[in-house]
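Let's take a walk through this structure, starting with a couple of individual residues and moving on to charged pairs. Have a look at the fold before reading on.

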Amino acid sequence: MTATRLTADVVIVGAGPVGLMLAGELARDVNVVLVEKRRAPDTTSRASTLHARTMEIFHSRGLIPDLGEPPNEVHGHFGGIPLDLTLPSTHPGQWKVQQTKTEAVLEEWALASGAELKCKHELVAVGEVGDWVELEALGDQGVLRLRCRYLVACDGEDSTVRRLIGAGFPGQDARRELLRADIAGIDIPDRRFERLEHGLAIAARRPDGVTRVMVHEFGSGAGRRSADAQFEEIITVWKRVTGEDISGGTPLWVNAFTDASRQLTHYRHGRILFAGDAAHQKMPIGGQALNLGLQDAFNLGWKLALHLRGKTGDDLLDTYHTERHAVGRRVLANIRAQAHLLLGGYEVQPLRTLLAELITQEDVRTHLASMISALDVRYDIEGEPHPLLGARMPHTALHTAHGRVHPTRLLRTGGGVLVDLRPGAATEAPAGWADRVSTVAVRAEDPGLLDGADRLLLRPDGHIAWVGRGAAGTGLQQALTRWFGPPKPVPRLEY
C-alpha cells in the first residue's frame, strides 16, 4: 500500500459546512488541508435554515450573491409556537437554503482561497508529537500521513477525532426521537407543528414537489439504533398519528434525530480543537445546529490565522473555548426546552398555552428571536464597561467617504477595523498594527444606537473589542495588543 505524506499549517477533519467555513477563513493566510471520508458531496439536504447572524457573516465575506435568491421567512417558532423573527439586521428572519447549496458555496470559496481537499480518506489515527499533530487516514489509493501545527475536528456528532483522543463529551442520552423523510410523489396537507391526538406531525412541500415530513408519536421513546430509520417505519407512525397513507411516495432521504444533548468539556485539547457538531450534540430544532457550528468556525478562524502568522500568542486560542463553549451551552439549554415543548404530550399543554401568551409581549418576542437568531451573542471582553462591549456592532447604516454601507461590509478584508465616528477624523491605521487593523471614518445614520461611543474597535468577527468615549478613550492599545498581538516595531531612522 502506497503512502503519501503532507505537511500543513492546519488540517481540518470533515468537509461539511463547518469545516468548509473554517477552511475559507484560514486559507487566505495559512496552508490548509481538508480531510473528508465521503467520496462525493452529500446529496441529502439535512439543514435548510440560515439565521440572521449567519447571513450577516456571509455578507461580511461577500458570499451572499452566491446563494442565489433564497426564500425569506420571518416567522419561525420556539418549541413549535409561532415566533416573529423580525429584528434589526441586514438579513432579518430565516433564509431557506438547502444544505447542499450552502456546502457548494463554501467549498468553492475555500478552494478558491487556497484550501486543499482530500476526499475518500477516513481518519484512523491522530496524536500530538512535540509541536505537531500527526494523523493517518486510509483512502482508496493508500495511506495519507499528515503533519500539521493544528488540527480542527469538524467531523460531526459521531466525531472520529473525539473518539480517538478520548475527549470528554458529557450530557444527556436520547429519550425521544423525531422521524424525518424527504418524499417525492405524495400529496398531503402542509402541517406546521400540528399536535394531534396521538402525536406531532409536520409536513412542508418544497417548490420542487418534494415533501419533507417529520413525525413523533407521543409517549414513544428513543431506543439505540444499529441502523438508519426505514421508510416503512415512518409510513407506520405517520399513519397512526395523522391517519394518512404515504406509502405510495418515493423516499429520497430518511433519518431519525433525537433529543440527546451533549457538549465537549473543552473545545481545545492542546493543538487539537473542535467545532460544530463535533463539539456539541443537540436536536436540530429551528435550524440552530448548523448556524451554531458555522459561527464556531467564524470565531475560531481569525484567531487561529493570527496565531499561525506569528502575530499573537497562544492565549488567543483559549478565548475560542471560553467564548464558544458558553454560547453552545446556552443554545443547548434552549433546544432542550423546545424539545420538551415539541415532543411532550398533554402534560406540556399548560406550558405551551402560557408561552403563547407571553410571546405576544414585544420584549419576550425580541428576547427569544434574538436568541434563536444569535443576534444577542455577547462575549465577555475586558475593558471599560459599555453596553456595546463584546456585542456585534448594532445594525445602523454608516456613511463613509465611499458611500453608505452597513457594519458587515467593513469586515470584508478579514482584519480588524477601528471605526471612528468623530467629525473630521483621519483614516490612518493604528501605528504598529496597520498590517492587522484598518481605520475607517464614518457617520452613523442612527447614532443613538451607539450609546455615546465615538470610536469602536471591531474584531474580524464583528464583535466590539473596545469602545472609546470622549477625549479620554483609554485602553485602545491594550485592546489592540490583546486581540491582534503586539505592535510591529517602527523602523528607527539613523542619520
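T160 is found in helix α4, residues 160-165; helices here are DSSP runs of H or I with at least four residues, strands are E runs of at least two, and both are numbered from the N terminus. With 15% relative accessibility T160 counts as buried, meaning under 20% relative accessible area, where over 50% is exposed and in between is partly exposed (1.4 Å probe, protein chains only). Leaving out residues up to four places away in sequence, T160 touches L123 and D155 (contact is heavy atoms within 4.5 Å).

A word on the ground rules: this is a predicted model, so local features need pLDDT of at least 70 and side-chain atom pairs pLDDT 80 or more, while totals for chains, interfaces and linings use all residues. Residues are numbered from 1 along each chain as its sequence is written, and side-chain values use heavy atoms, with hydrogens and water left out.

Now for the charged pairs. The model has 31 salt bridges, each a side-chain nitrogen of Lys or Arg within 4 Å of a carboxyl oxygen of Asp or Glu. One of them joins R392 and E56 at 2.9 Å, N to O. R392 sits in the loop between α9 and β22 and E56 in helix α2, so this pair ties together parts 336 residues apart in sequence. Both R392 and E56 are buried.

D296 belongs to helix α6 and R324 to α7, so the bridge links parts 28 residues apart in sequence.
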